Amino acid sequence: NGTVRELSGIDLSEALKTNWGLKFDGVNDYAEIPNLNVTTQDYTIEIKLGSNSSGTIIGLMRTSSNTNQILIDANYRGNSEVWMSEGLVLSTSALADDHMLSITADGNGSTTSLKAYQNGSQVKSSTSNSSVLQNDPDNHPWVLGTDWDGNITSDFFSGTIHEVRVWNDIRSDAEIEENYNKRLTGLEDGLIGHWDFDSISP
């Protein structure tokens, strides 16, 4: 699990001033996650978003090829989207209100089966021709709130991120439905990254 204090690249005292979520201005706010390593073929990423949020939520990019290992967008052209090395691989209508967006990835070494959930209910499935995530020195760090165009940040997130969860397994339909609206302890099996921005102050 990570701590909010290890995030870099954002003014936490400003972003957390309401003590209710991490706020991004959509102009130049973003945060790097330096110690997140997803080392399995199967993983789940969950993000609790504030209302009317839009832009890049979380991503991992390889610098040499300038391709997304994975990138999750909120309310981009009215859709929540997942991008991988070949481009757009999943798109579903975005919700305007506060909600939990969950993405599961089932990799077999050459392709990745994806499912998207909103507030615990599956809304879309798709398959990517990209292989599993590769954690190597060629990657930019994981980031919240921005995309990378080469070495330049872009597509900044505007809105509030309340919580980020990263699991090293595929959460089942039942697990996602049961836990999307619950506060985690941070000690759950399979949880390798957890940032609860509603429980802290600057």
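Mentor: A strand here is a DSSP run of E covering at least two residues, and strands are numbered from the N terminus. N75 lies in one such run, strand β5. Keep in mind that the model is predicted.

Trainee: What makes the phi of N75 worth a remark?

Mentor: Most residues other than glycine have a negative phi. N75 is not a glycine, yet its phi is positive, at about 50°.

Trainee: Is N75 buried, exposed or partly exposed?

Mentor: Buried requires under 20% relative accessible area and exposed requires over 50%. N75 has 31% relative accessibility, so N75 counts as partly exposed.

Trainee: Why is strand β5 called mostly covered?

Mentor: Of the ten residues in β5 (residues 67-76), seven are buried.

Trainee: How do you know that β5 pairs with β4 and with β6?

Mentor: Two strands pair if there are at least two bridges between them. β4 (residues 55-62) and β5 are joined by seven bridges and run antiparallel, with R62 bridged to T67 of β5. Four bridges link β5 to β6 (residues 79-84), again in the antiparallel sense, and Y76 has N79 of β6 as its bridge partner. Both counts reach the cut-off of two, so both are pairs. The hairpin of β5 and β6 has two residues between the strands, and R77 in this hairpin takes a positive phi near 55°.

Trainee: Which loop holds D155, and what is the phi of D155 near?

Mentor: D155 lies in the loop between β13 and β14. D155 is a residue other than glycine with a positive phi, near 50°. Its relative accessibility is 47%, between the cut-offs of 20% and 50%, so D155 counts as partly exposed.

Trainee: How many aromatic pairs are there, and why is the pair of F24 and F157 called edge-to-face?

Mentor: The count is three. For F24 and F157 the centres are 5.5 Å apart and the planes are at 85°. The limits are within 6.5 Å for a pair and over 60 degrees for edge-to-face, so both conditions hold. F24 is in strand β1 (residues 22-25) and F157 in the loop between β13 and β14, so the pair ties together parts 133 residues apart in sequence. At 5% relative accessibility F24 is buried, and F157, at 0%, is buried as well.

Trainee: Why is the pair of Y30 and F156 called tilted?

Mentor: The ring centres of Y30 and F156 are 6.4 Å apart, and the planes are at 40°. Y30 lies in the loop between β1 and β2 and F156 in the loop between β13 and β14, so parts 126 residues apart in sequence are tied together. Y30 is buried at 18%, and F156 is buried at 18% too. Y30 and F156 form one aromatic cluster with W148.

Trainee: How do you know that the charged end of R171 sits over the ring of W167?

Mentor: The charged end of R171 is 3.6 Å from the centre of the ring of W167.

Trainee: Which residues line the largest cavity?

Mentor: They are E46, R165, W167, R171, E175, I176 and N179. α2 (173-179) and β14 each give two or more residues to the lining, and α2 gives the most, three. By class, four are charged, two nonpolar and one polar. The space in the largest cavity is about 30 Å³.

Terms used: Residues are numbered from 1 along each chain as its sequence is written. This is a predicted model: local features need pLDDT of at least 70, side-chain atom pairs count only at pLDDT 80 or more; totals for chains, interfaces and linings use all residues. Side-chain values use heavy atoms; hydrogens and water are left out. Rings of Phe, Tyr and Trp (its six-membered ring) pair if their centres lie within 6.5 Å; planes under 30 degrees apart count as stacked, over 60 as edge-to-face and the rest as tilted. Buried means under 20% relative accessible area, exposed over 50%, partly exposed in between (1.4 Å probe, protein chains only). A charge sits over a ring if NZ of Lys or CZ of Arg is within 6 Å of the ring centre and within 35 degrees of the ring normal. On a 1 Å grid over the protein atoms alone, a cavity is a set of points where a 1.4 Å probe fits but cannot get out, and a pocket is an open set with protein on both sides within 12 Å along at least five of seven lines; lining residues have an atom within 4 Å of a point. Grid points are joined across faces, edges and corners, and a volume is the space filled by probe spheres set on the points. Ala, Val, Leu, Ile, Met, Phe, Trp, Tyr, Cys and Pro count as nonpolar, Asp, Glu, Lys and Arg as charged, and the others, Gly among them, as polar.
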